[in-house]
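Please look over the notes below with the model open.

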Amino acid sequence: MGIHAYFRSLNDLERIIRCPGKFKFEEHSVAAHSWKVVQYAKTLADIEEKNGASIDWKKLYEITSSHDYGEIFIGDIKTPVKHASPELRLLIQKVEEGMVYNFIEEQIPEEFKEIFHNQLREGKDHSLEGLILEVADKMDQVYEAFAELKRGNTEKEFIKMYRDALIKINTIPLHCVDYFLKNILPDMVNDEITSSVDIKRITEEALSYRDQK
């Protein structure tokens with residue numbers, strides 16, 4: 001079926017709902033998540049550039065826009081399950097990468113296979129672009145969980161999502177992380193909140209976690 005099979009498969013990302021099985025005031029699809037990650041990442045990259053970094057923009061857009069494409073085949077696995085153990089996380093990643101590989105080999109024309117293998121690879125690594133992707137991905141987790149907590153959703157999974165994402169972001173040594181923590185996060189937390197969940201306390205605990213280790 002050629003590249004048409006790839007284009008057609010993108011519709012599936014609109015039907016995969018993040019954080020399945022939990023009550024949510026707002027549903028978020030993987031497609032919407034991917035779009036938001038691109039928006040976060042390009043602003044984070046701008047911050048890095050203003051601090052003297054050199055950005056490979058082509059790579060950044062490729063890995064951010066396609067970072068969850070493999071969920072077409074395995075769905076959105078809950079974060080607590082996905083990270084229950086390093087071994088399980090690695091196994092899930094291998095299954096996802098294997099299914100993406102097979103899809104490319106079976107559907108994509110020979111002259112484009114190398115391009116697709118490169119674009120649909122796991123983009124989170126120790127390169128600047130890979131770290132920006134990691135931050136952007138976790139930022140969307142922060143915003144999705146925050147929106148639920150602000151509206152009074154007391155599901156423990158959203159508290160854990162919010163806290164764990166902030167802890168992870170705080171471990172990544174980038175200028176854009178410093179900017180997010182000092183200039184963006186306070187605006188979020190200080191927004192008018194009537195939630196029964198103490199978001200400020202959770203935020204403070206998450207940001208102090210690294211100092212306690």
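1. Glu96 counts as buried, with a relative accessible area of 16%. Here buried means under 20% relative accessible area, exposed means over 50%, and partly exposed is in between, with a 1.4 Å probe and protein chains only. Glu96 belongs to helix H6, which covers residues 86-107. Helices are DSSP runs of H or I with at least four residues, numbered from the N terminus. When neighbours within four places in sequence are left aside, Glu96 is in contact (heavy atoms within 4.5 Å) with Gly70, Glu71 and Ile74.

2. A word on the basis of these values. This is a predicted model, in which local features need pLDDT of at least 70 and side-chain atom pairs count only at pLDDT 80 or more, while totals for chains, interfaces and linings use all residues. Residues are numbered from 1 along each chain as its sequence is written, and side-chain values use heavy atoms, with hydrogens and water left out.

3. How many salt bridges does a search of the whole structure find? The search finds twelve. A salt bridge is taken as a side-chain nitrogen of Lys or Arg within 4 Å of a carboxyl oxygen of Asp or Glu. Side chains of opposite charge can pair when their charged atoms come close.

4. One of the salt bridges joins Arg15 and Asp12, at 2.5 Å from N to O. Arg15 and Asp12 are three residues apart in helix H1 (residues 3-15), so about one helical turn separates them. Arg15 is exposed at 58% relative accessibility, whereas Asp12 is partly exposed at 27%.

5. The side chains of Glu105 and Lys113 also form a salt bridge, with an N to O distance of 3.7 Å. Is Lys113 buried or exposed? Lys113 is buried, at 11% relative accessibility. Its partner Glu105 is partly exposed, with a relative accessible area of 32%.

6. Arg201 and Glu205 make a further salt bridge, 2.9 Å from N to O. Both residues lie in helix H11 (residues 199-212), where they are four residues apart, about one turn of the helix. Arg201 has a relative accessible area of 40% and is partly exposed; Glu205, at 36%, is partly exposed as well.

Terms used
Helices (H or I, at least four residues) and strands (E, at least two) are DSSP runs, numbered from the N terminus.
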